[in-house]
Amino acid sequence: MLLKETLLLRFVGVSRIPILLALRPRVQRLDEDVCELLVPLTYFSKNHVGSMYIGALASGADCTGGLHAARAIYGIGGRGHPRVVPVFKTFHAEFHKRADGDVLFRSEGGRTVAAAVAKADESGERINLPLSVVATVPARHGEVPVATFTLELSLRRKPDDHRRVPNKV
């Protein structure tokens, strides 16, 4: 587990996304290529049939894709682009098996996201790119995916004067 990155993710949970406190995600790997996040199967993430709740799976995929953008924006491991704002525009999920154990989410789009963040900061235009996240339950199913997600990441630089100007009537 990467302690610094996990603590950052939990701080975000306290301040912005409270569900992360209940899910207790752990960053297993975060580098220029790959992000891996583990969400344990607990009382708070389990549904009525003993597998991971769809909201917990969606949160895991969201965080995994979002960590790539956070790494590039906040300059973890290099130059940052703090004026770029990331949001997810679309979310597509396919469920293949029951997620009946701790779920490992993996995304391999780190370099592509870093390049898109830099381009959005330089150009000021909105950049959209799809991210793929694969969820596995290594203890039960090995490397066989239990779910696959495609999230469209939308990046745009904040305007220099980001205060809202009231509309004239």
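The model is predicted, so local features need pLDDT of at least 70, side-chain atom pairs count only at pLDDT 80 or more, and totals for chains, interfaces and linings use all residues. Residues are numbered from 1 along each chain as its sequence is written, and side-chain values use heavy atoms, with hydrogens and water left out. Helices (H or I, at least four residues) and strands (E, at least two) are DSSP runs, numbered from the N terminus.

Aromatic pairs are considered at the outset. The structure holds 4 of them. Rings of Phe, Tyr and Trp (its six-membered ring) pair if their centres lie within 6.5 Å. Planes under 30 degrees apart count as stacked, over 60 as edge-to-face and the rest as tilted. One of the pairs is formed by Phe91 and Phe149. The pair is tilted, at 5.7 Å centre to centre with 50 degrees between the planes. Phe91 lies in strand β3 (residues 84-95) and Phe149 in strand β6 (residues 145-157), so this pair ties together parts 58 residues apart in sequence.

Buried means under 20% relative accessible area, exposed over 50% and partly exposed in between (1.4 Å probe, protein chains only). Phe91 is partly exposed, with a relative accessible area of 42%. Phe149 is buried, at 1%. Phe149 also forms a tilted pair with Phe105, at 6.3 Å centre to centre and 40 degrees between the planes. Phe105 is in strand β4 (residues 103-107) and Phe149 in strand β6, so the pair ties together parts that are 44 residues apart in sequence. Phe105 is buried, with a relative accessible area of 0%. Together, Phe91, Phe95, Phe105 and Phe149 form one aromatic cluster.

Strand β6 also contains Ser154. This serine is buried, with a relative accessible area of 2%. The side chain of Ser154 makes polar contacts with two side chains, that of Arg126 at 2.9 Å and that of Asn128 at 2.8 Å. A polar contact is a pair of N or O atoms within 3.5 Å; within protein, one must be able to donate a hydrogen and the other to accept it, and residues adjacent in sequence count only if both atoms are side-chain atoms. Not counting residues up to four places away in sequence, Ser154 touches Val85, Pro86, Val87, Lys89, Arg126, Ile127 and Asn128. Contact here means heavy atoms within 4.5 Å.

Thr136 is placed in strand β5 (residues 127-136). The residue is buried, with a relative accessible area of 7%. With neighbours within four places in sequence left aside, Thr136 is in contact with Asp102, Val103 and Leu104, and with Gly142, Glu143, Val144, Pro145 and Val146.

Ser59 belongs to helix α3 (residues 54-73). Its relative accessible area is 15%, and Ser59 is buried. Beyond residues up to four places away in sequence, Ser59 touches Ile19 and Leu23. The C-alpha atoms of Ser59 and Ile19 are separated by 8.3 Å, although the residues are 40 apart along the chain.

Salt bridges number 7. Each is a side-chain nitrogen of Lys or Arg within 4 Å of a carboxyl oxygen of Asp or Glu. Among them, Asp31 and Arg29 meet at 2.8 Å, N to O. Asp31 is partly exposed at 22% relative accessible area. Arg29 is partly exposed at 32%.

Arg111 bridges to Glu32 at 2.5 Å, N to O. Arg111 is in helix α4 (residues 110-123) and Glu32 in the loop between β1 (26-30) and β2 (35-39), 79 residues apart. Arg111 counts as partly exposed, at 47% relative accessibility. Glu32 is partly exposed at 41%. Arg111 also forms a salt bridge with Asp33, the closest N and O atoms being 2.5 Å apart. Asp33 is in the loop between β1 and β2 and Arg111 in helix α4, so this pair ties together parts that are 78 residues apart in sequence. Asp33 is partly exposed, at 30%. Shared partners join Glu32, Asp33 and Arg111 into one salt-bridge network.

At the surface, Met1, Leu3 and Leu7 form a nonpolar patch with about 330 Å² of accessible area together. Leu7 is in helix α1 (residues 3-15). Patches are made of residues with over 30% relative accessible area and no salt bridge; like charges are joined within 9 Å, and nonpolar side chains (Val, Leu, Ile, Met, Phe, Trp, Tyr) within 5 Å. Accessible areas come from the Shrake-Rupley method with a 1.4 Å probe, and for residues only the protein chains shown count as cover.
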